[in-house]
Amino acid sequence: MELEELKMKWQEMDSRLSKVEMLNKQMLSDLLKRKIDDNFKQLHSRTAYGMGAGLLVMIVMIPVILTLPLTVASQYAIVAFMAIGFAFFTYRFTLISRLQITEPTGVLLKYMLRERKAFLVDKYVGLPMILVLYVLVICFESSWIIERGKMMEAILMMGVISIVVVYSQVQNNRRYGKLLSDIEQQLKELEQ
């Protein structure tokens, strides 16, 4: 009789332990989902802020650029670069807006991979394109700048702007890359 009671108590303890383990796994999963959702919100708000800032810059700068005494080629180059950058940002915003914690983990990882690729394109193509724009504008406007004796000031100004842009882009890329890596790691943990 004692052996039967012991077996029953053992089975009862085993079932309790399995329930506790299941609850712990569920709590861990919920905690991880909340963390991922917070990171998604941060990613979404950063991208929305960047899009809003880009749109504001375009709304303010395009009329100013078109009234500056620049060559038509310079004006079109600047406006085209702004439009291409904004279109790319819009694409990234649509990718990020698809990140919802209710989606299956495999789908989220697929979207994160696309966003990672877009981030790398922005990182390795976007910044050099901005610097190429500066060089193109100086080349298109060199005769106008030279006529006014402002070549050295123009080159100095473009150099300072380039340094500021490169520094801010590198800092932003570092923070954004870490956020993407954190989300990817959390999604992989959740998938397991």
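Here are some notes on the structure above, point by point.

1. First, keep in mind that this is a predicted model. The average pLDDT of the protein is 81, and 92% of the residues score at least 70. Among the elements, helix H1 (residues 2-67) has the highest mean pLDDT, at 85, while helix H3 (residues 105-147) has the lowest, at 77.

2. Now the fold. What are the elements, going from the N terminus on? They run α-α-α-α. That makes four helices, with zero strands in the protein. Two of these helices, H3 and H4, come back below: H3 covers residues 105-147, and H4 covers residues 151-191.

3. On to the overall shape. The C-alpha trace spans about 110 × 25 × 20 Å along its principal axes.

4. How much of the protein is buried? Buried residues make up 27% of the 192 residues. The accessible surface comes to about 13,200 Å², and carbon and sulfur atoms account for 68% of that.

5. Contacts next. Take the ones between residues at least 6 apart in sequence: 79% of them join residues at least 24 apart. As for charge, the protein carries 23 positive and 19 negative side chains, and the centres of the two sets lie 6 Å apart.

6. Is Asn173 buried or exposed? Asn173 counts as buried because its relative accessibility is 8%, and the cut-off for buried is under 20%. Leaving aside residues up to four places away in sequence, Asn173 touches Phe119 and Lys123. Asn172, on the other hand, is partly exposed, with a relative accessible area of 29%. From Asn172 to Arg98 there are 74 residues along the chain, and their C-alpha atoms are separated by 22 Å.

7. Two other residues are worth a look. Ile161 lies in helix H4 (residues 151-191) and is partly exposed, at 32% relative accessible area. Where does Ile161 sit relative to Gln192? The two are 31 residues apart in sequence and 46 Å apart in space, C-alpha to C-alpha. Met129 is found in helix H3 and counts as partly exposed, at 38% relative accessibility. Met129 and Phe81 are 48 residues apart in sequence, with 8.1 Å between them in space, C-alpha to C-alpha.

Definitions and conventions
Residues are numbered from 1 along each chain as its sequence is written. This is a predicted model: local features need pLDDT of at least 70, side-chain atom pairs count only at pLDDT 80 or more; totals for chains, interfaces and linings use all residues. Side-chain values use heavy atoms; hydrogens and water are left out. Helices (H or I, at least four residues) and strands (E, at least two) are DSSP runs, numbered from the N terminus. Buried means under 20% relative accessible area, exposed over 50%, partly exposed in between (1.4 Å probe, protein chains only). Contact means heavy atoms within 4.5 Å. Accessible areas come from the Shrake-Rupley method with a 1.4 Å probe; for residues, only the protein chains shown count as cover. Lys and Arg count as positive and Asp and Glu as negative; His and the chain ends are not counted. The place of a charge is taken as NZ of Lys, CZ of Arg, CG of Asp or CD of Glu. pLDDT is the predictor's confidence in each residue, from 0 to 100.
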